[in-house]
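These are my notebook entries on one protein chain.

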Amino acid sequence: MTQQHTKVVAITGASSGIGAATARRLAADGHRVLLGARRTDRLKQLAEAITEEGGTAAFRRLDVTDGADMAAFVATARAEFGRIDVLVSNAGVMPLSPLEATRTDEWDRMIDVNLRGVLHGIAAALPVMREQGGGHFVHLASVGAYEVSPTAAVYCATKFAVRALSEGLRQESAGDVRVALVSPGVTESELADSISDPQAREAMKTYRAVALPASAVADAIAYALAQPPQVDVNDIVVRPTASAQ
């Protein structure tokens, strides 16, 4: 990849699953990646692995629910690599439960990470991208941004919101900043590990019987980023072939 096509990509939730797979894929494509998550031990291991494979990676501890921390994350990308071309907002949690269980702490956590985290990313990176004359946001949603299922009402609400937010950002930013919404179906990840409700946890075992590898979603993100400047890929839904969901 030529230097002019090499991008600086900051990835949230990069310590596992889709985030880690995306970091590996984009680094293999020649992009420079900044990894962000709370588990710095995993970030360090991933950054070292990418470097050993010939890629370029740096990492920083990141809590997407903290707007100042997100601003510092974007600043780190600029300090390390001189700019930020892409922000992949991947961090997410999914502690499913029926609404009647009233697990309000879990509701708040989903709103804070899944929605407010994306907003913090926009607030931190959009002014920088405007100043640079261009940039690209990639927001990870879910098939839950298009449909709702029992125990997933709040989770789906956050993903519907990310979908709406992404479309609004696209309309307001047309011309210099691109926006891609990537919505995976069931994907191999640690996302379901946060489910504490017994009913929802049991139901998820069946739901997740057929799952995409995280690398498939990383490939979709790479596709969106590989398009020429005049092409803006906005919505990608990726599902396992054998899944009816």
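**Entry 1: Val 177.** I began with the contacts of Val 177, where contact means heavy atoms within 4.5 Å. Leaving aside neighbours within four places in sequence, I found Val 177 in contact with Leu 126, Met 129, Gly 135 and Phe 137. The model is predicted: local features need pLDDT of at least 70, side-chain atom pairs count only at pLDDT 80 or more, and totals for chains, interfaces and linings use all residues. Residues are numbered from 1 along each chain as its sequence is written, and side-chain values use heavy atoms, with hydrogens and water left out.

I then looked up the place of Val 177, which is in strand β6 (residues 177-184). Helices (H or I, at least four residues) and strands (E, at least two) are DSSP runs, numbered from the N terminus. The C-alpha atoms of Val 177 and Gly 135 are separated by 4.8 Å, although these residues are 42 apart along the chain. Is Val 177 buried or exposed? Its relative accessibility is 2%, so Val 177 counts as buried. Buried means under 20% relative accessible area, exposed over 50%, and partly exposed in between (1.4 Å probe, protein chains only).

Next I checked the partners of β5; two strands pair if DSSP finds at least two bridges between them. Strand β4 (residues 86-89) runs parallel to β5 and is joined to it by four bridges; here Val 86 stands opposite His 136. β4, helix α4 (residues 104-132) and β5 make a right-handed β-α-β unit. A crossover is right-handed if, with the strands pointing away from the viewer, the path from the first strand over the helix to the second runs clockwise.

Six bridges join β5 to β6, again in parallel, and Val 138 stands opposite Ala 180 in β6. The chain passes from β5 through helix α5 (residues 153-173) to β6, and this crossover is right-handed.

**Entry 2: the nonpolar cores.** A nonpolar core is a set of buried Ala, Val, Leu, Ile, Met, Phe, Trp, Tyr and Cys residues joined through side-chain atoms within 4.5 Å. Which residues of the largest core touch the most other members? Among its 38 residues, they are Leu 34, Phe 73, Ile 84, Leu 87 and Phe 137. The elements giving two or more residues to this core are β1 (8-12), α3 (67-81), α4, α5 and β6. The largest share, nine residues, comes from α4. I also noted a second, separate core of 35 residues, including Val 86 and Val 182.

**Entry 3: Thr 12.** I then turned to Thr 12, which lies in strand β1 and is buried, with a relative accessible area of 2%. Leaving aside neighbours within four places in sequence, its contacts include Phe 73, Leu 87 and Ala 91. The side chain of Thr 12 reaches the backbone nitrogen of Ala 91 at 3.0 Å.

**Entry 4: the whole chain.** Finally, I looked up the totals. The secondary structure of the protein chain comes to seven helices and seven strands. Buried residues make up 51% of its 245 residues. Of the contacts with a separation of 6 or more, 71% join residues 24 or more positions apart.

Note on methods
A polar contact is a pair of N or O atoms within 3.5 Å; within protein, one must be able to donate a hydrogen and the other to accept it, and residues adjacent in sequence count only if both atoms are side-chain atoms.
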